[in-house]
Amino acid sequence: MQIANIAQPTSSKVPPARFPRDQWYVAGFSSELTDQPLARTFLGEKVVLFRTGEGQAAALEDRCCHRSLPLSCGTVEGEGLRCGYHGMLYNPAGQCIEIPGQERVPSKAKVRSYHLVEQNKMLWIWMPAREGSTPGSAPPVYPFHEHPNYKWGSGMYHYQAPWQLIHDNLMDLSHLGYVHLKTIGGNAKLHMNAKMNVTQDGDHVKVVRQMPGSTPPPTYKAAWPFGDKCERWQEIEFHLSHLRIWTGACEPGTDAIDDPQRGGFHMRGLHGITPETAETCHYFWSMASTRHPDMPENIDEVIRQTAFTFDEDRVVIEKQYQNMREFGERADWLDIHVDVGANRARRVVQRLTELSEASKA
Amino acid sequence: MQIANIAQPTSSKVPPARFPRDQWYVAGFSSELTDQPLARTFLGEKVVLFRTGEGQAAALEDRCCHRSLPLSCGTVEGEGLRCGYHGMLYNPAGQCIEIPGQERVPSKAKVRSYHLVEQNKMLWIWMPAREGSTPGSAPPVYPFHEHPNYKWGSGMYHYQAPWQLIHDNLMDLSHLGYVHLKTIGGNAKLHMNAKMNVTQDGDHVKVVRQMPGSTPPPTYKAAWPFGDKCERWQEIEFHLSHLRIWTGACEPGTDAIDDPQRGGFHMRGLHGITPETAETCHYFWSMASTRHPDMPENIDEVIRQTAFTFDEDRVVIEKQYQNMREFGERADWLDIHVDVGANRARRVVQRLTELSEASKA
Amino acid sequence: MQIANIAQPTSSKVPPARFPRDQWYVAGFSSELTDQPLARTFLGEKVVLFRTGEGQAAALEDRCCHRSLPLSCGTVEGEGLRCGYHGMLYNPAGQCIEIPGQERVPSKAKVRSYHLVEQNKMLWIWMPAREGSTPGSAPPVYPFHEHPNYKWGSGMYHYQAPWQLIHDNLMDLSHLGYVHLKTIGGNAKLHMNAKMNVTQDGDHVKVVRQMPGSTPPPTYKAAWPFGDKCERWQEIEFHLSHLRIWTGACEPGTDAIDDPQRGGFHMRGLHGITPETAETCHYFWSMASTRHPDMPENIDEVIRQTAFTFDEDRVVIEKQYQNMREFGERADWLDIHVDVGANRARRVVQRLTELSEASKA
C-alpha cells in the first residue's frame, strides 16, 4: 500500500547517527525481560525486546509490517509476539507466522530481527553495520555478576546527552573531588595531583591512578572500618561498549596497592553505555563490592550511594551537553592534563566509526 | 505597517497541508457555542467560532487585522466579536465595524469569514479551495440526532495523528477483537473470519460485515437482554467528511439480519473527522442507540462505554503515527485481507485532494 | 581537542539574532546577585552573572573553556568563579587563574567577559557589536530608586515573545480600557479618544496623553483619596533599552496637569526590556509611587496590582506572538490612530540594528 497521501513524517532534528557498528552493545539486564515486551532504541533503531514462553530472549524491529504499530504494544504469546492492532503473530526470527482471518501468510510479512545473547545476567545486542552482518565472536564476558567474593546491584539512566560524554566523565575520575563530595569524592587537590598512568592495548584504554594517604570518603566509611587514612586506587578500562572500573582502598601498610590479589574494600563497576540516538544514550550500570567480615552486609547502601553519585554525573553531563548545543561551534574545548585517557578513548570510537561507515558503503 | 524587524516567525515543522477542499466539514456541536468565542483550527486555518446575541453561529479567521491578537481572546458583543487588545469590533462577515477612538473604519479593516451552517445539532464549516469559492450544496443531513427511536450523546477527541489513520481504523472493525475486548470486542477470530462485503457508490464506500452466532460483548449485554448468542452486523459508510457506522445485533432467529427495518439493539455512530493540520485532527463523534422496552434507559452507559472504546483507538492510532514518524520512509505497509475498504477510502481522499490542488492553481 | 565525532549540536530554530548592539541593557536588579552565580541569556549570548567576595558584580560567558559546562553550575570563590566539573577558577576578567593539578595555566584558558555596571540598584550590561568594543558612556541614570518622595518595588517576567511587542504595548496605553479593567483600566472610550501627543528627540520618543474627567481606576483609589473624578496623565518615554512611564492623577481643579512639579498620585515605572533571543525577552520592571499623607503606606498594594496588571499584558502579548508565528506571512498589520508612538520606536530600533550590523561587518 502506498501511503503517499498520509502526511509525510517530518525529518527528525537529530543528525544522522554515526556509530561503531558490528559490535555487541548492552541492551539491558536479564531481570528486565518478564512477560511484557520492552521497547528500546539502540543506535537510532527502534527495537522490541521480549522473552518467549520457553524463556528465550529475542529482539525485533519495533514495527508491525502491516500498519506500523509498535510491536511493543502487543503481547507475548507462546513462541512469539502478537501485534495489538490486527493480531499478526511474529516468531523470534521476525517472520510473521499468522495473519488472523487470512489463510496465506506472504513471505514478505516479516520484520528485521537482531542477534541477542543473554550472558552474565545481561542482554547483549549485536548492532550490524549492514543487513546480514553476523557476530564473529561472543559478547564480552563479565565475571563480577557471578563471583563469590562480590555482591552486586544495578541501575540504569536515560541520558539527554551523547554517549561519549559519559566516556569522558569516567575516563577521568579527577572530577570526584568537585562533583561527588557527598559520596566518593574525597580531597579535590589529592585527586587532581595524583599521578595518572595511561596505557593502551588495541582498542582497550586503561587509566590507573593511585592516591595513598587519602581520607576515606563517606561511601567507603559506610562499607569498611577504615581509620583516618586509606590507600585508594582507580583502575579504569575502556572497551567500546562498556567500561570496567575497579576502585577501592586498602588500609595503609597492610596491603601492597600494586598487588593484583590485594584485599580491602573493592568496588567493581560495569558501565554499559549504548547510544540511543546521536544525542541521547542508555547507561546501564552495575556495582559489585566486597564486604568486611566485621561489618554488616552493605551492598544495599553501596548501591544507594552509587545511584546517587551517578545521578550527580547525569545532571552535570546533561547540562554540559545542553550548553554545547547552545554554544554550537563556538564551544571549542581546551585540553588539560586529566584528558589523556578520555581523548584516547575518543580516537578508538572515531576509528571504529569510520570503519563501520566504510563497511556500509 | 511593515513588521520586518520583528523576528520572522520560524517555519512550522508541519508539511504543507493538502486536503480535499470545497467540502463541508464538521466544526463542532451546537452545544459548544455559548457566550464565549471558540478557537479551532481546520485544514491548517485558524478559525474563531462564535454565536451572536441573535443566536447566529459564525466563523472568522482567528486574528485581528490590527496587531494579530487571536479574536478568540475577545468577547462576543451584540452583533459581533470585539478584540481584547484595542477593542476593534467585527461583524459575522468579517468586516470591522468599529475602531474605538477613530472616526473612519478603512474598508480593508477586515478578516476572512467562513460559511458556517448549524444543522442537526452540529456545526458544518465550508473549507474553500480558494478565496470566494462558495458551497454548491447544503451540508449532509444526519437524521439520528432527531429520531424518535434513538437517544444520543456525543464527545470529541483531539488526535496527534493525521485524519486518515482514523478512517483506516473505522473502515475495518476487525481490530475490535484485539483492541476493544472490554467493551464491544467479542471473539477476535470471529471478527477476522467474518465475510466482508465492500461496495462503492461514487465517493461513498460501504463495508458490511455480519457475524451470526456471536457472543454478545459487554456493551451489548449492558443495553439489551441478549442470551448466549446474537447476530451482529456492522455497516460502515465512508463519506469524505465523516463516517456513519451502524452496528448492532438482533436475537438469533427473531429477525432477518438483512432486513433494513430490523429491530434489536442498534448503535448509530457519527464520526466527523476534520483535519486540523497535516499531522493532527479533530474527531467529533456521536452515538445514538435504541432501547429495549424491558431494560432501563441505557444511553448514559452506552456513551460512557463508547467514549472508553474510542479512547482505546486514540491510544493505538497515536502510537501508530508516532512510530510512522520515527521509522520514516522505512515504514512501508503490507496490505492484508481486511484493508480493502480503507484503501478505497484512501483513494477517494487522494482523488479529491488532487482535485482541490488543481482548483487552487 | 577536536570534538568532531561528538554529535554536532543541531541548528536552533530561532532566526539569527539581530539587535541594536554597543548599547547598555538591563541585566537584572542588584538584589539578585547574592552568593550564587546567575545564568541569563542576553541578545542570544549566554552569560553568567556573579558577585565576588569583595562585592564586585561581574559577567562572563557562561561556559568553561575546558569541557563546556556552564560556569553558572560552579561556585563563587573569593575573587572568582570556579567550574563545578574539574575545578578551573576564573577571575572577573574571564582569565583562568588556576587549573587544579596542573602547574601551567595557558593564556588561552579564558572566556569572554562583559562590562557590567551596578548603578541605581540595577545591573547594566554592555552588549558589544564586536569583540573589544567598549562603552563610550556610562549607563543611563534612573533617579526614582533613590528619590525621597518615592517608594518602589520591582519584578521581572520572562516573555515568550520578541521584545518589540512589549514596546508596542507600552507606547500605546489605550489598551488599558480593554486589558486592565481590574486595576488601572478605567473607561475604554475615554482612553481611546484622549488626545495623544507624540514627539521625538533623537532616539528618544515621547508619548503624552491626558484624560481630565476620568473616573479613578481601582489601583488609584487604593492609593489616594480620590473622589468621583480625577485628572489622569500618561507620559511615556522610549529609550532603546528601557521605557520610563510616568502616570498618575491629580484632583480636579487643585493642580495644573501640565505643571512638571505637580503633586497628586504618581506612578513612575521603569521597564527594562532586554532581548534574550529573537523570540524571547526579559522584562525587568520597577514601580515607584508617591504617598498621600492621610493614607497608609500603599507601596505593597501598588506593586501587587502592578504585577497583576503586567501579567495581563504578558498573557495578551504571548498569545499575540503565538498567533503571529502561526499565521506567518499572512499576519500583516493594519495601523490605527494609536500606533504612532510605537511605530516611531520601531524605526529607532530598526535604525540602530542596521547600524550594529554594519559595525559588525
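**Sheets, helices and interfaces in the predicted model**

C:Asn197 stands opposite C:Val208, a residue of strand 14 of chain C. Strand 14 covers residues 204–214 and is joined to strand 13 of chain C by six bridges, the two strands running antiparallel. Strands here are DSSP runs of E with at least two residues, and helices are runs of H or I with at least four, numbered from the N terminus; two strands pair if DSSP finds at least two bridges between them. The model is predicted, with local features requiring pLDDT of at least 70 and side-chain atom pairs pLDDT 80 or more, while totals for chains, interfaces and linings use all residues. Residues are numbered from 1 along each chain as its sequence is written, chains are lettered from A and ligands numbered from 1 in the order in which they are written, and side-chain values use heavy atoms, without hydrogens and water.

Seven strands make up an open antiparallel sheet, in the order 12-18-17-16-15-14-13. Strand 12 (151–159) and strand 13 (196–201) of chain C each have a single partner strand, so one side of each is left without a neighbour in the sheet. On average, neighbouring strands of this sheet are turned by 15° against each other, direction ignored.

Two helices of chain C lie across strands of this chain. Helix 5 (residues 299–327) lies across strand 12, strand 17 (265–277) and strand 18 (280–289), and runs at about 20° to strand 12. Helix 6 (residues 340–360) lies across strand 13, strand 14 and strand 15 (230–238), at about 15° to strand 13. Axes are lines fitted to C-alpha atoms, for helices over the stretch in contact, and angles run from 0 to 180 degrees between N-to-C directions.

B:Arg82 has B:Leu89 in strand 7 as its bridge partner.

Turning to the interfaces, 33 residues of chain A are in contact (heavy atoms within 4.5 Å) with 43 residues of chain B. The two chains bury about 3500 Å² between them, 58% of it on carbon and sulfur atoms; this is the accessible area (1.4 Å probe) lost on putting the parts together, summed over both. Three salt bridges are counted between chain A and chain B, where a side-chain nitrogen of Lys or Arg must lie within 4 Å of a carboxyl oxygen of Asp or Glu. A:Arg67 and B:Asp335 form a salt bridge, with their closest N and O atoms 2.7 Å apart.

Between chain C and chain A, 33 residues of chain C are in contact with 43 residues of chain A. Here the buried area is about 3500 Å², with 58% from carbon and sulfur atoms, and the salt bridge count is three. C:Lys46 meets A:Glu326 in a salt bridge at 2.6 Å, N to O.

Over all chains, the structure holds 61 salt bridges. A:Arg51 and A:Glu118 form a salt bridge at 2.9 Å, N to O. This pair links distant parts of the chain, 67 residues apart: A:Arg51 sits in strand 3 (residues 45–51) and A:Glu118 in strand 10 (residues 116–119) of chain A.
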